[in-house]
Amino acid sequence: MLTRSKNLALHVCNRLQSLSKTQFSILSSGYYSKGNQSESENEWERLLKPFDLDELRKSFNKITPYQLCKLLVLPLDVPTSLKLFEWAGSQKGYCHTFDVYYVFIDKLGAAKEFKVIDRLMMQMKEEGVVFGESLFILIMKYYGTAGLPGQATRLLLDIKNVYSCEPTFRSYNVVLNILVSGNCHRVAANVFYDMLNKGVSPNVYTFGLVMKALCMVNEVDSACSLLRDMTRYGCVPNSVVYNTLIHALSKNNRVNEAMKLLEEMFLMGCTPDVQTFNNVIHVLCKLVRIHEAVKVVDRMLLRGFIPDELTYGFLMEGLCKTGQVEEARALLNQVPSPNVVLFNTLISGYVASGRFDEAKAIVYDIMLSIGCKPDVFTFNILIHGLCKKGCLGSALELVNEMESKGCKPNVITYSILIDGLCKEGRLVEVGHVLNEMYAKGVSLNTVVYNTLISALCKDGKIHEAREMFGEMSSKGCKPDIFTFNSLISGLCKVNQMEAALGLYHNMFVEGVIANKITYNTLIHAFLRWGEIQEALKLVNEMLFRGWPLDEITYNGLIKALCRAGAINKGLGLFEEMIRKGLVPSKISCNILIDGFCKAGKVHNALEFLREMIHRGLTPDVVTYNSLINGLCKVGRRREALSLFDRLQVEGIYPDAITYNTLFSWHCKEGVFDEACLLLHRGVEYGFVPNDVTWFILVSNCVKESQKESFSAPFIN
């Protein structure tokens with residue numbers, strides 16, 4: 001056996017020494033291609049697999065770098081290759097060449113042995129091996145494959161600082177590609193600017209990568225400015241660059257700029273693709289600029305491009321959105337082989353327009369006749385249309401029908417049904433639908449849970465809603481902001497403020513960030529209870545979390561301060577709201593006017609009314625009701641009646657509150673006859689007395705009759 005091993009070793013040694021010298025040029029270039037292995041190399045692999053490395057070492061008198069390269073590319077494991085590498089390096093008068101390091105590092109990179117690579121790089125530096133950029137590119141690519149963009153960037157910076165090698169645009173392009181692929185878009189932009197500062201000239205590919213990175217972080221203006229900078233570096237934009245920018249501008253609804261770039265693209269001799277046109281068409285349809293979108297399609301056809309299904313889909317969606325369903329149908333007729341998605345777009349358009357029967361006819365009269373099978377989305381659109389019409393029985397029948405046609409309902413189907421039933425308050429039937437879901441193995445998703453929790457809260461069943469909330473986590477369904485907001489709102493309505501506040505704090509533990517709705521719900525609930533300090537704490541938290549106060553928040557605070565008699569503080573908040581750029585509505589003004597009137601400051605209320613009109617806001621019946629009540633309260637009933645007359649001149653119709661306020665004050669001042677005259681006048685103008693009206697008038701009649709009966713004996 002030993003004799004056989006020695007013979008094999010001698011054979012391998014002879015084969016290594018007899019290698020053609022012409023093959024050495026392949027490695028000396030700095031790159032090694034595994035595709036250049038010859039038949040004899042395959043024989044080495046066969047010979048070396050069962051071979052003992054120690055025996056091989058004994059058989060060689062000396063191994064050359066070229067021979068070592070040939071051995072290192074064989075499918076030996078890393079430990080064996082490392083031993084071979086170290087043994088060769090220990091030979092007297094031997095030095096590893098750049099090619100040896102390159103081949104070995106290539107193997108180590110594929111095995112993700114980056115620590116060994118770092119050690120070898122330092123060894124190369126100590127041995128005085130001249131570094132080539134190709135080696136750094138190789139390592140950086142392996143870092144990218146391993147998902148280590150930070151390490152690739154670090155090595156790029158070390159190329160010159162540590163290894164005294166000048167990186168070119170090739171090294172930067174590799175790292176930029178890794179960073180963009182790894183979603184490190186801001187870092188990619190910084191690397192690019194560092195490249196320019198160091199005097200490294202980029203190429204078109206560099207610009208394409210950086211523009212993509214900038215667009216991904218919504219810095220579209222910066223990306224567009226780079227387009228103009230390209231010529232300074234001798235680069236001419238290509239189709240990739242234009243497509244990247246047109247897509248980003250379209251995504252941000254900047255369609256005019258996108259169309260200008262499309263025009264420029266043609267002038268520069270760059271050929272767009274169908275996707276480029278689709279980006280522009282999509283955003284034009286989204287912005288309801290359908291005629292312009294049609295013109296872009298015409299231009300596509302003139303340029304020899306054939307619209308695809310997305311093109312037709314975007315146009316049809318735009319037409320349906322503007323109520324032009326018949327035009328969308330005519331467009332569908334032009335499509336050579338319409339698919340189910342295009343039919344669903346048209347069906348959705350008919351449903352949205354309230355034309356359910358025509359939507360259903362599309363399915364049964366057209367789709368089925370041409371062999372286009374409706375899918376679950378088709379049925380979901382129809383079921384949604386029926387629920388919207390309040391035809392819940394028909395919707396339930398359609399679910400059964402879709403199953404008979406071999407189309408299984410999904411969680412969206414059931415969520416549409418549950419939402420429709422919840423809105424009608426038919427919670428018992430919701431239970432039946434849930435049982436059906438469980439029986440068919442359809443799991444509830446967050447949307448369904450949210451619908452159920454919201455419905456239970458509105459129905460006052462907070463205990464059941466909280467149980468449903470607890471069930472979500474156990475079923476692996478994560479609550480979202482809508483879940484928390486629904487439950488917090490429900491708890492606030494039944495005055496369980498401590499539980500609502502506890503749920504608010506739990507949100508952050510669950511990784512859900514509170515939004516304006518969360519804060520406004522809690523703030524308004526505390527304000528209703530007169531807990532202004534608790535509300536202000538939440539206001540501070542709201543600001544700390546980066547949510548600016550909106551008009552709803554300000555209105556709640558102003559109303560609470562006015563109710564507490566702190567009118568000036570309320571007015572101060574109103575002025576702060578204006579300073580912060582919020583435009584107050586008539587609701588804000590009405591709150592302050594009502595506050596002034598209730599505090600007996602009618603003069604201030606009337607001044608504020610003039611300011612309100614000056615701001616371009618039109619007073620409504622609520623404004624006048626507050627002023628009429630305020631004037632009557634301070635004994636200025638005649639002015640209140642003048643204001644009442646002014647209402648009708650300005651085209652504002654008095655409501656029951658207006659009349660009842662005047663009736664009440666007339667009765668209080670003992671002018672019951674005038675109140676009756678006002679009642680007759682109101683009825684003539686269409687006023688319908690309500691329970692409060694009759695209560696005021698009848699109560700006053702009783703009081704008057706009691707007075708008369710009490711004073712009668714004394715008169716007699």
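**Figure 1. Overview of the predicted chain.** The chain contains 41 helices and zero strands; helices (H or I, at least four residues) and strands (E, at least two) are DSSP runs, numbered from the N terminus. This is a predicted model, in which local features need pLDDT of at least 70 and side-chain atom pairs count only at pLDDT 80 or more, whereas totals for chains, interfaces and linings use all residues. Residues are numbered from 1 along each chain as its sequence is written, and side-chain values use heavy atoms, with hydrogens and water left out. Of the 716 residues, 47% count as buried; buried means under 20% relative accessible area, exposed over 50%, and partly exposed in between (1.4 Å probe, protein chains only). The chain exposes about 36,600 Å², of which carbon and sulfur atoms supply 55%. Accessible areas come from the Shrake-Rupley method with a 1.4 Å probe, and for residues only the protein chains shown count as cover. Contact means heavy atoms within 4.5 Å. Of the contacts between residues at least 6 apart in sequence, 59% join residues at least 24 apart.

Figure 2. The largest nonpolar core holds 231 residues, and Met121, Leu135, Met140 and Ile281 touch the most other members. Helix H7 (residues 98-110) gives the most to this core, with eight residues. A nonpolar core is here a set of buried Ala, Val, Leu, Ile, Met, Phe, Trp, Tyr and Cys residues joined through side-chain atoms within 4.5 Å. In soluble globular proteins, nonpolar side chains tend to be buried together. With residues up to four places away in sequence not counted, Ile281 touches Ala293, Val296, Val297, Met300, Thr311, Phe314 and Leu315.

**Figure 3. The lining of the largest pocket.** This pocket has a volume of about 440 Å³. Of its 17 lining residues, Asn555, Lys559, Ala560, Arg563 and Ile591 are the closest to the centre. Two or more lining residues come from each of helix H31 (516-528), helix H33 (551-563), helix H35 (586-598) and helix H37 (621-633). By class, the lining has six nonpolar, six polar and five charged residues; Ala, Val, Leu, Ile, Met, Phe, Trp, Tyr, Cys and Pro count as nonpolar, Asp, Glu, Lys and Arg as charged, and the others, Gly among them, as polar. On a 1 Å grid over the protein atoms alone, a pocket is an open set of points where a 1.4 Å probe fits, with protein on both sides within 12 Å along at least five of seven lines, and lining residues have an atom within 4 Å of a point. Grid points are joined across faces, edges and corners, and a volume is the space filled by probe spheres set on the points.

Figure 4. Ile552 is found in helix H33. The C-alpha atoms of Ile552 and Lys516 are separated by 9.4 Å, although these residues are 36 residues apart along the chain. Leaving aside neighbours within four places in sequence, Ile552 is in contact with Asn520 and His524. Ala599 lies in the loop between H35 and helix H36 (602-614) and is partly exposed, at 43% relative accessibility. Ala599 and Arg563 are 36 residues apart in sequence and 9.1 Å apart in space, C-alpha to C-alpha.

**Figure 5. Two loop residues with positive phi.** Most residues other than glycine have a negative phi. Ser164, in the loop between helix H10 (149-161) and helix H11 (169-181), has a positive phi near 55 degrees. With 66% relative accessibility, Ser164 counts as exposed. Asn218, in the loop between helix H13 (204-216) and helix H14 (220-229), has a positive phi near 65 degrees. At 49% relative accessibility, Asn218 counts as partly exposed.

Figure 6. Asp655 occupies the loop between helix H38 (637-649) and helix H39 (656-668) and is partly exposed, with a relative accessible area of 26%. Residues up to four places away in sequence aside, Asp655 touches Val621 and Asn625. Between the C-alpha atoms of Asp655 and Phe687, 32 residues apart along the chain, the separation is 7.4 Å. Asn700 belongs to helix H41 (residues 691-715) and counts as buried, at 7% relative accessibility. Not counting residues up to four places away in sequence, Asn700 touches Cys667 and Phe672.
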